[in-house]
Amino acid sequence: MTILRVRDFEIHSGYLPADAQSALVDEIRACLAQAPLVRPTTPRGKQMSVRMSAAGDYGWISDATGYRYEDRHPSGAAWPPIPEPLLKLWRDLVPGARAPQCCLINWYDESAKMGLHQDKDEADLTQPVLSVSLGDDALFRMGNVTRGGKTESIWLCSGDVVVMQGEARRAYHGIDRVRPGSSTLLPKGGRINLTLRVVT
Ligand code: SIN
Ligand code: MN
């Protein structure tokens, strides 16, 4: 376990041991049985390459109407509760923060990526976002609090946890690509990213 700091991003490399990663994947599968992955459309009508679901009081939704948090899955079903190991992770890494209200579940297949963006649909940007990587490695790009300028990238591996607070909470970030076959955690490959957020 090592902690790297890139700008204001705090990267806890190798934070979760293999058994904790496997247990978390089982918890996430149970969540997805209740709230299946959907492939969101952007307000501009483009399909995102990432598939999404959520756990907690709120899930993040994108469709023709815009980006927002909703207290129900698009099917009308309630979101499942945030798995306890993730609540513990939050308490351990950001003990002063309010309790998380959303665990966004992002599923990347071998060709999925996520463009540079800010997380700014939450009401209280003083609260951190915590990101957990599971499965194949992904190239994470970190930018600035305003669009443009130099960026820095790092490969996130299964078990890594990134804390985004301070400047990093408002900084642009995204995933350029995943490295297929780099992890054996998920039998069919791919990557799961979990982000814990305070929404209201
Ligand atoms: C996100 O910004 O919501 C996801 C980041 C990641 O997949 O690591
Ligand atoms: Mn984000």
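This is a predicted model: local features need pLDDT of at least 70, side-chain atom pairs count only at pLDDT 80 or more; totals for chains, interfaces and linings use all residues.

Strands, as the word is used here, are DSSP runs of E with at least two residues, and they are numbered from the N terminus.

The largest pocket holds about 940 Å³ of space. Of the 37 residues that line this pocket, Met-48, Tyr-67, Met-114, Gly-115 and His-117 are the closest to its centre. At least two lining residues come from each of the strands β5 (66-70), β6, β7, β12 and β13. Sorted by class, the lining comprises 15 nonpolar, twelve polar and ten charged residues.

The largest pocket is also the space that ligand 1 takes up. Two or more residues of the shell around ligand 1 are given by each of β6 (102-108), β7 (114-117), β12 (173-179) and β13 (191-197), with β13 providing the largest share, three residues. The residues that surround ligand 1 are Asn-106, Tyr-108, Met-114, His-117, His-173, Ile-175, Arg-191, Asn-193 and Arg-197, and this shell divides into three nonpolar, four polar and two charged residues.

Which side chains place an N or O atom beside an oxygen atom of ligand 1? In Tyr-108, such a side-chain atom lies 2.5 Å from a ligand oxygen, while for Asn-106 the corresponding distance is 3.5 Å. Asn-193 likewise has a polar side-chain atom 3.2 Å from an oxygen atom of ligand 1. Ligand 1 would expose 260 Å² if taken alone, and the protein buries 99% of that area.

Note on methods. Residues are numbered from 1 along each chain as its sequence is written. Chains are lettered from A and ligands numbered from 1 in the order in which they are written. Side-chain values use heavy atoms; hydrogens and water are left out. A residue is near a molecule or strand if one of its heavy atoms lies within 4 Å of it. A polar contact is a pair of N or O atoms within 3.5 Å; within protein, one must be able to donate a hydrogen and the other to accept it, and residues adjacent in sequence count only if both atoms are side-chain atoms. Accessible areas come from the Shrake-Rupley method with a 1.4 Å probe; for residues, only the protein chains shown count as cover. On a 1 Å grid over the protein atoms alone, a cavity is a set of points where a 1.4 Å probe fits but cannot get out, and a pocket is an open set with protein on both sides within 12 Å along at least five of seven lines; lining residues have an atom within 4 Å of a point. A molecule sits in a cavity or pocket if more than half of its atoms lie within 2 Å of its grid points. Helices (H or I, at least four residues) and strands (E, at least two) are DSSP runs, numbered from the N terminus. Ala, Val, Leu, Ile, Met, Phe, Trp, Tyr, Cys and Pro count as nonpolar, Asp, Glu, Lys and Arg as charged, and the others, Gly among them, as polar. Grid points are joined across faces, edges and corners, and a volume is the space filled by probe spheres set on the points.
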